[in-house]
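Biologist: I would like to learn how to read a model with a ligand in it. Please take the features in turn.

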Amino acid sequence: MKIKFSRNFRQFKPFLFEELYRQAAAERAKGRDIISLAVGDPDIPTDRGIVARAAAEVKKAANHRYPNTKGNAALRKAVADWHKRRHGLVFHPSDEVSILIGSKEGIAHLPLAVMDPGDLCLIPDPTYPTYRTGVVLAGGRVHDVALEEKNGFLPDLAKIPSRVADKAKLFFLNYPNNPTGADASLDFYKELVRWAKKHSVIIAQDAAYCDLYFGEPAPSILQVPGAREAAVEFYSVSKTYCMAGWRIGWVVGNGELVRAINSLKENIDSGPFNAIQNAAAWGLDHHERIVPPVRKKFAARAEKFCSGLEKAGWRLRRPGGSCFVWARPPADMKSIDSVCLMLEKAAVLAAPGSGFGRCGEGYVRFSLTEPDSRLYEALRRITALDWKAGS
Ligand SMILES: Cc1ncc(COP(=O)(O)O)c(C=O)c1O
């Protein structure tokens, strides 16, 4: 029997990072010592206290039953308390907080709740690829919004034509930004919220890197008065708590949207394992001990990696946060050619900027999520290349 896949499904390309994992594995299978800086998967082990808490929680029979789709009360309360401490914001744990199986899950599902076939979603270019996923599943259309280096990789809202803004249902953004490392100020969020209300566009701000900031603490869009009418914000323990494998994220903000995500999820999944939710809640309650050393580590890596690249003639804007360096090599080349050159001659795998969107062409994204010795060995190998000669 010939399987005919759906029109929406046929639009999917292989997920960029899966492809990069495959390339690194294939090169390693040939016996090469490949250092992969392609994927943002923190190398730092999860805090021992969180691990101990999880081990104890796994033994409790009560945790072996189905969890509650929107997250258990302990984690929703820990999330609400965390936002109170971190941003001075009060969220109702039942109505304005939903726990996700990693933020990627909620990000991919949100468009299904708010978009009808043919509806328009604004997505930054370059972008985190999952924003497109839900739009494709919902049968929606994408309008790319350029993030240009000259604007600090923030969208120029005035450049979005009114006819596009008025038609758009949803706008995904993420700051501190993947892939560019750019940060956004509260003033930018104020302008964005004004714009969103004027055009009736829902803002989905993805704060997966919110605590990997290198200057002032990254603000929340929900700190803008009235933002809750138009916005939700996604969070994750994957990067800041080095818990990428545990699959916990959350969404907060506009109650109607959070409840819609919950009811969608009730029909799709049953929430994450309670033992892991309880361990994550413990982690959030111990934020001040766990997260600052992680932030310091990534800040130190960013400083050293950027300085090394700059000395070797790479062109870059220093990241304000995240775990990424977004840079152009000393000679102008297509992203894929730079990545292939580094893989072939330096055994270093980076992510091609063009994989994040057309505006990423020419750039390369390095992830700082390898142990220091490997990261700096990769830097040594890359900076030893003669880019003008292409070797
Ligand atoms: C911008 C951004 N948002 C969300 C995610 C997904 O994170 P999670 O592990 O919470 O699903 C990632 C992961 O790389 C990311 O870069």
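What follows goes from the overall fold to the ligand and then to the backbone.

Modeller: This is a predicted model, so local features need pLDDT of at least 70 and side-chain atom pairs count only at pLDDT 80 or more, while totals for chains, interfaces and linings use all residues. Residues are numbered from 1 along each chain as its sequence is written, and side-chain values use heavy atoms, with hydrogens and water left out.

Biologist: How many helices and strands does the protein have?

Modeller: Helices (H or I, at least four residues) and strands (E, at least two) are DSSP runs, numbered from the N terminus. The protein has 13 helices and 13 strands.

Biologist: What does the radius of gyration say about the protein?

Modeller: The radius is taken over C-alpha atoms, and the globule rule is 2.2 Å times the number of residues to the power 0.38. For 391 residues a compact globule would come near 21 Å, and the protein has 21 Å, which agrees. Along the principal axes, the C-alpha atoms fill a box of roughly 60 × 60 × 55 Å.

Biologist: Which residues are closest to the ligand?

Modeller: A residue is near a molecule if one of its heavy atoms lies within 4 Å of it. Here 15 residues surround the ligand, and the closest are Asn178, Asp206, Tyr209, Ser236 and Ser238. By class the shell has 5 nonpolar, 6 polar and 4 charged residues; Ala, Val, Leu, Ile, Met, Phe, Trp, Tyr, Cys and Pro count as nonpolar, Asp, Glu, Lys and Arg as charged, and the others, Gly among them, as polar. Helix H5 (residues 103-114) gives the largest share, 3 residues.

Biologist: Where do polar side-chain atoms lie relative to the ligand?

Modeller: One of Asp206 lies 2.5 Å from a ligand nitrogen atom. Asn178 has one 2.7 Å from an oxygen atom of the ligand, and Ser236 also has one 2.7 Å from a ligand oxygen atom. Taken alone the ligand exposes 400 Å², of which the protein buries 92% (accessible areas by the Shrake-Rupley method with a 1.4 Å probe).

Biologist: Which peptide bonds are cis?

Modeller: Most peptide bonds are trans. The bond from Tyr175 to Pro176 is cis, with omega near -10 degrees, and a cis bond with omega about 15 degrees joins Asn178 and Pro179. Pro176 is in the loop between strand S5 (168-174) and helix H8 (186-199), and Pro179 lies in the loop between S5 and H8.

Notes:
Polar contact = N/O pair within 3.5 Å; in protein donor to acceptor, adjacent residues only side chain to side chain.
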